[in-house]
Amino acid sequence: RQIETLAGHANGAVREHLQGALDQLLRNGHHGLTDKDLKALPPGAIIRDPTVPGLQANHSKRQGIIWQLRIRGARNTRHLLGRWPETPPEAARQLARDFKSGKVAAANPTLRPAESGLQGVSKPVTLGRCVRRYLNDYPFGSTSNARHSKGNLEKLVALSNDPPIHSLTRSAVRDLLVRIERSRGSQAATKTRNALSRCWQFCQGGLPEKRLTADEVLIDPDLGNPAIGIKFAASKEKWPLSAKELDNLWVNLWHLAGVSEVAKDAIALMMLTASRVNEVCGIRSEWVNLTDGYIEIPSTKMKGEHRLQLVGEGLRIVKKHHDPVSPWLFPAARGEGHIHENTISGVLREHAKQLGIERTGSTLAEKGPANTHSVRRFAFTYLQEQGVDQRVIDRLVNHRPRGLQKTYGWSSHLW
């Protein structure tokens with residue numbers, strides 16, 4: 001450490017000499033076992049190789065000198081690497097490094113010593129093998145979770161051509177996730193990343209729901225999880241609309257060709273009240289109170305009733321479509337029932353696309369026009385910028401409070 005410190009401040013020939021001395025010191029400070037060391041090993045003795053943690057030579061009376069590898073965290077488990085002199089010291093060290101990096105895995109040995117707990121090494125561990133172990137042995141909480149994990153991981157294996165575990169670096173996994181997002185969306189990429197991370201942890205020794213024995217471990221615990229630390233940049237698709245974009249949508253909404261008046265007015269009411277699209281589409285005529293100017297929705301996503309306040313243009317739209325004979329405020333054009341939320345979403349997306357209002361991810365290729373939820377984000381952001389109390393904003397956009405706000409500071413007239 002002192003030489004390294006001096007080398008950092010020296011210049012010219014002195015710096016070059018000190019750096020060479022440092023390299024020589026590090027190179028000669030630890031040397032591995034040699035044939036001479038093994039020849040001098042007495043029966044019953046064990047000698048460890050200082051260059052590879054866990055690698056040791058054991059002189060057994062019946063088996064001769066054998067190479068063993070102890071893995072940290074695997075209690076009383078030793079992996080058989082070979083016998084000296086058939087396996088020289090350098091070959092044993094390379095085999096131990098390959099085992100610890102995941103290039104080779106524990107399997108039934110061709111050389112079976114009399115000692116218990118010894119395992120041999122064989123073919124490389126692949127991603128597909130780890131995925132099969134995870135899907136077969138992990139106790140999923142529901143069939144839905146098992147089905148989604150299976151689908152995402154099997155598609156990942158097919159996309160990556162089932163590579164060895166040691167080749168799955170963080171950059172390689174990220175490239176695969178980028179390809180998944182481009183073809184299947186950002187949500188699929190995120191779920192695949194999470195499933196791979198849990199699969200990796202499980203094959204390294206298990207999760208709290210199920211622990212693996214030392215013989216069942218497929219991935220060395222010292223090998224880093226490549227799925228951890230991969231973060232997707234925030235997608236602009238979740239950014240709120242600007243005031244200019246919202247005005248553009250509103251003004252040009254009434255000039256859309258081929259769109260019914262019911263669909264246009266439903267979109268307009270959704271924009272005015274910052275409501276969820278399914279809540280607006282499913283408004284019943286009996287929920288409307290034109291006298292006091294509100295709509296009482298009995299059940300929403302927040303598992304409770306929500307009151308939409310109607311003033312100005314919103315009240316005019318509701319009066320225009322309110323028909324006590326019809327069960328729905330915005331009935332479907334064909335058949336029974338109300339206008340479908342996919343119809344509203346499709347019209348708004350196409351409308352935004354024509355106006356060039358899009359959201360594009362900054363890192364992963366996710367593009368798309370503004371959607372129905374972008375309007376809610378605008379309302380939320382606008383009210384915050386105007387200094388409106390957060391609890392009032394939550395009440396207007398039908399959000400439930402969290403943390404301390406859930407218990408303290410709420411007026412009875414708000415909830």
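So, E313: this residue is partly exposed, with a relative accessible area of 30%. Partly exposed here sits between buried, under 20% relative accessible area, and exposed, over 50%, using a 1.4 Å probe and protein chains only. This is a predicted model, so local features need pLDDT of at least 70 and side-chain atom pairs count only at pLDDT 80 or more, while totals for chains, interfaces and linings use all residues. Residues are numbered from 1 along each chain as its sequence is written, and side-chain values use heavy atoms, with hydrogens and water left out.

Back to E313. Its side chain meets that of R316 in a salt bridge, 2.5 Å from N to O. By salt bridge I mean a side-chain nitrogen of Lys or Arg within 4 Å of a carboxyl oxygen of Asp or Glu. E313 and R316 are three residues apart in helix α12, so about one helical turn separates them. Helices, by the way, are DSSP runs of H or I with at least four residues, strands are runs of E with at least two, and both are numbered from the N terminus. R316 is partly exposed too, at 40% relative accessibility.

Staying with charge pairs, how many salt bridges does the count come to? Nine, by this rule.

Another one joins K320 and D265, with the closest N and O atoms 3.1 Å apart. K320 is in helix α12 (residues 312-321) and D265 in helix α10 (residues 261-273), so this pair ties together parts 55 residues apart in sequence. Is D265 buried or exposed? Buried, with a relative accessible area of 0%, whereas K320 is partly exposed at 44%.

Then there's R276 with E279, closest N and O atoms 3.0 Å apart. R276 counts as buried at 7% relative accessibility, and E279 is buried at 7% as well.

D49, E90 and R93 form a network of salt bridges. R93 is among the buried residues of α4, which also include P89, A92 and F99. Helix α4 covers residues 89-101, and its 13 residues should span 18 Å at 1.5 Å a residue; the end C-alpha atoms are 18 Å apart, which agrees. That expected span is 1.5 Å times one less than the number of residues.

Last topic, helix packing. Helix α9 (residues 243-253) packs on helix α13 (residues 341-354) at about 110 degrees, with the axes 10 Å apart. Axes are lines fitted to C-alpha atoms, for helices over the stretch in contact, and angles run from 0 to 180 degrees between N-to-C directions. α9 and α13 are therefore roughly perpendicular, the label for 65 to 115 degrees; under 35 is roughly parallel, over 145 roughly antiparallel, and the rest oblique.
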